[in-house]
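Open your viewer and get ready to click along. This tour goes from stop to stop, telling you what to select next and what is there.

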Amino acid sequence: MSDASTAHTAQPPNPRVKRTHVTAWAMWDWGSAAFNAVMITFVFGTYLASDAFGADDRGTSWLAAGNAIAGVVIALTAPVIGQRADRDGRRSLWLGVNTALVILTTAACFFVQPDESFLLLGVILLSAGNVFFEFAEVQYNAMMVKISSPSTIGRISGLGWGAGYLGGIFLLLLVYVGFIGGDAHWFGITDDDAMNIRVVALFAACWFLIFALPVVIVMRTRKGATEPKEPQAERVSIAQSYRQLLGTIANLWNHERNTFWFLVSSAVFRDGVGAVFAYGAILGTTVYGVDPGDILFFGIGANVVAAAGAFLGGLFDDRFGPKRIIVVSLLGLVLSAAIVFVQDGTVAFWIWGLFLCFFVGPVQSSSRAFLGRLTSHQTAGEIYGLYATTGRSVSFLTPALIALFVGLSGESRMMVPAILLVLVAGLILLWPVSDPKTSASERRK
């Protein structure tokens with residue numbers, strides 16, 4: 001896609017889809033739970049937000065600022081990072097390099113002691129890890145186009161998302177049993193100086209390393225052993241890369257309007273979908289009476305049903321097309337969220353909260369597959385970089401609406417209609433977008 005005239009050539013049939021390649025690819029998603037679920041969401045991010053780093057919510061504030069800065073960096077650079085990997089044909093190399101940087105920043109979190117003087121170090125490490133993770137994910141998503149065919153890309157995307165959720169469940173259980181729950185921990189580690197939490201960072205880094213290696217090794221071997229070497233495009237300067245990126249965006253608007261509006265609509269509804277997990281624990285404990293000690297178990301249940309939704313959504317995606325799966329899932333999210341809003345009590349939250357999580361997986365999986373059908377292996381890095389950029393560009397939307405709704409009402413429950421509004425807006429924007437599978441079928445008639 002670095003050349004506007006070749007943007008979004010439809011993915012050609014790939015008869016050499018091999019189970020070993022798909023399995024190795026999905027293992028990266030399984031391993032990535034070490035960063036997403038453990039470091040960012042449930043363990044280390046919570047540790048930095050604790051009173052150990054200041055009783056004035058300083059940790060939360062600094063983390064938010066770090067995430068905002070990381071988001072700007074990703075939005076400005078991800079498409080060019082993907083574009084340049086497209087040009088030099090070394091996607092597996094850059095996936096390996098950025099994954100290694102995520103692992104190093106994760107392991108370095110071991111040195112973040114429970115003291116205010118270490119807060120900045122912790123925030124820098126998590127924020128930098130977030131940037132490197134997004135860069136790695138651009139290459140990882142683009143690689144999916146290489147290992148799939150138009151008739152299998154939906155289920156392969158679903159397999160990856162499902163593996164990520166299941167990996168998160170398994171790792172959270174290990175971490176809880178080994179280092180967080182109870183008074184005695186593995187290897188004789190104690191709670192002194194938060195050593196049990198800091199060791200989790202080393203455990204997570206090793207976990208990601210083990211499960212990320214297969215895809216880097218297999219895909220580097222695959223290229224040399226089974227396929228002719230792809231010609232490398234002429235190297236260009238960073239400035240030229242940005243000029244080509246602007247040309248690609250202009251070409252999307254002028255000639256690929258369907259892709260342009262999918263990027264816009266998916267950025268909006270993905271922001272709402274992400275908020276389901278980001279604010280679900282807060283809603284459960286502050287509004288619906290879930291015991292804070294039980295919220296980790298709700299997180300495990302949420303990952304189980306989200307994985308099931310991703311697997312099923314992937315299978316139906318290949319049969320009915322990604323747009324139908326996304327629309328049905330968004331409608332399911334809207335209905336479930338509306339019921340959560342009007343219900344009270346812990347039981348209602350568990351039931352309808354898990355329904356919400358079930359529909360999250362198919363939205364994420366089919367969105368990735370939707371985009372994969374609109375591009376080719378040679379241009380996938382740039383388009384998935386734009387996918388990351390558009391997502392980051394509206395990442396303020398749901399938090400801003402939540403702050404407004406809760407601030408005006410004084411009730412945390414008003415988080416729900418704020419998330420609902422974003423989901424409905426994304427659904428409205430998606431409605432006129434054509435399904436790539438349907439469009440291809442119609443062109444053949």
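Before the first selection, one term for later: a crossing of two helices is right-handed if the near helix is turned clockwise from the far one by less than a right angle, and left-handed if it is turned anticlockwise. Helices here are DSSP runs of H or I with at least four residues, strands are runs of E with at least two, and both are numbered from the N terminus.

This is a predicted model, in which local features need pLDDT of at least 70 and side-chain atom pairs count only at pLDDT 80 or more, while totals for chains, interfaces and linings use all residues. Residues are numbered from 1 along each chain as its sequence is written, and side-chain values use heavy atoms, with hydrogens and water left out.

**The whole chain**

Start by showing the protein chain as a cartoon. You will find 16 helices and 0 strands. Of the 445 residues, 53% are buried; buried means under 20% relative accessible area, exposed means over 50%, and partly exposed lies in between, using a 1.4 Å probe and protein chains only. A contact means heavy atoms within 4.5 Å. Among contacts between residues at least 6 apart in sequence, 86% join residues at least 24 apart.

**Helix α1 against helix α6**

Next, select residues 19-42, which form helix α1, and residues 153-180, which form α6. The two pack at an angle of about 45°, with their axes 7 Å apart. Axes are lines fitted to C-alpha atoms, for helices over the stretch in contact, and angles run from 0 to 180 degrees between N-to-C directions. Angles under 35 degrees count as roughly parallel, over 145 as roughly antiparallel, 65 to 115 as roughly perpendicular, and the rest as oblique. The pair α1 and α6 is therefore oblique. Which hand does the crossing of α1 and α6 have? α1 passes α6 in a right-handed crossing. The residues of this contact divide into 17 nonpolar, 5 polar and 1 charged. For these classes, Ala, Val, Leu, Ile, Met, Phe, Trp, Tyr, Cys and Pro count as nonpolar, Asp, Glu, Lys and Arg as charged, and the others, Gly among them, as polar.

**Tyr165, within α6**

Stay on α6 and pick Tyr165, which has its place in that helix. Tyr165 is buried, with a relative accessible area of 8%. Beyond residues up to four places away in sequence, Tyr165 touches Phe277, Asn303, Ala306, Ala307, Val360, Gly361 and Gln364.

**Val363, in α12**

Move on to helix α12, residues 346-372, and pick Val363 there. At 1% relative accessibility, Val363 counts as buried. Leaving aside neighbours within four places in sequence, Val363 is in contact with Phe269, Val273, Ile326, Ser329, Leu330 and Leu333.

**The loop between α6 and α7**

Now follow the chain into the loop between α6 and α7, where α7 covers residues 195-226. Is Phe187 buried or exposed? At 72% relative accessibility, Phe187 counts as exposed. Its phi is near 60°, a positive value in a residue other than glycine. Ala194, in the loop between α6 and α7, also has a positive phi, about 55°, although it is not a glycine. Ala194 is buried, with a relative accessible area of 13%.

**Helix α5 against helix α13**

Select residues 119-147 for α5 and 380-393 for α13; their axes come within 8 Å and cross at roughly 135°. α5 and α13 are therefore oblique to each other, and α5 passes α13 in a right-handed crossing. Show side chains at the contact: residues of α5, including Asn130, Glu134 and Val138, meet residues of α13, including Ala380, Tyr384 and Arg392. By class, this contact has 7 nonpolar, 4 polar and 2 charged residues.

Pick Asn98 in helix α4, residues 91-108. Asn98 is buried, at 8% relative accessible area, and touches Phe132, Phe135 and Ala136, not counting residues up to four places away in sequence.

Finally, select Cys109 and Cys206. Cys109 is buried, at 0% relative accessibility, whereas Cys206 is partly exposed, with a relative accessible area of 46%. The structure holds 0 disulfides, a disulfide being a pair of cysteine sulfur atoms within 2.5 Å.
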